[in-house]
Amino acid sequence: MKDIRRQSRRNFSAEDKILIELDGLRGEDSIAELCRKEGIAQSLYCTWSKDFMEAGMRRSAGDTARAATTGEVQDLRRGDRKRAPRARKPMVLPNGPNQRWSLDFVSDSLICSRPFHILNVVDDFSRERLVLVADTLLSGHG
């Protein structure tokens, strides 16, 4: 039985997951309808959504985790923090709408000190805000 389940299990690429998540953020269909259409469980969609937002929060904060190289560790121990500036490559401009979107996470707190977070999804070509999600529970922490 487990072998049948493993063989029939669909594997979604990262791009597929992002496209499904962005369809959900657009709000054209309910999450239940979207999950039925894509053939996934709502709990799986919620997991992808959480991972998607956490990745955006980490990226916006610059907290992407990776293993340090030996040279980097030695530089930190020596206190040698000067590095050669990298030549920045200009970002290619999109030719039309829906070619590239940008995510922006904003955080603030209410008068009662309760934090809230806002996720903005913006089309880079038209500068149109596609989605604005405000919530007190958009957290980058597990």
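Visitor: At 14% relative accessibility, does His117 count as buried or exposed?
Guide: This is a predicted model, in which local features need pLDDT of at least 70, side-chain atom pairs count only at pLDDT 80 or more, and totals for chains, interfaces and linings use all residues. Residues are numbered from 1 along each chain as its sequence is written, and side-chain values use heavy atoms, leaving out hydrogens and water. Buried is under 20% relative accessible area, exposed is over 50%, and partly exposed lies in between (1.4 Å probe, protein chains only). Because its relative accessibility is 14%, His117 counts as buried.

Visitor: With which side chain does the side chain of His117 make a polar contact?
Guide: His117 is placed in strand β2; strands (E, at least two residues) and helices (H or I, at least four) are DSSP runs, numbered from the N terminus. A polar contact is a pair of N or O atoms within 3.5 Å; within protein, one must be able to donate a hydrogen and the other to accept it, and residues adjacent in sequence count only if both atoms are side-chain atoms. At 2.8 Å, the partner of the His117 side chain is that of Ser107.

Visitor: Which residues of helix α3 are buried, and what arc do they cover?
Guide: In α3 (residues 31-38), the buried residues are Leu34, Cys35 and Glu38. They lie on the same side of α3 because the arc around the axis, taken from the directions to the C-beta atoms, is only 95°. On the other side of α3, Arg36 and Lys37 are exposed. To restate both points, Leu34, Cys35 and Glu38 are buried, and their arc is 95°.

Visitor: How many disulfides are there?
Guide: A disulfide requires a pair of cysteine sulfur atoms within 2.5 Å. The sulfur of Cys35 has its closest cysteine sulfur in Cys46, 7.1 Å away, and therefore too far for a bond. Cys35 counts as buried at 2% relative accessibility, whereas Cys46, at 47%, counts as partly exposed. The count of disulfides is zero.
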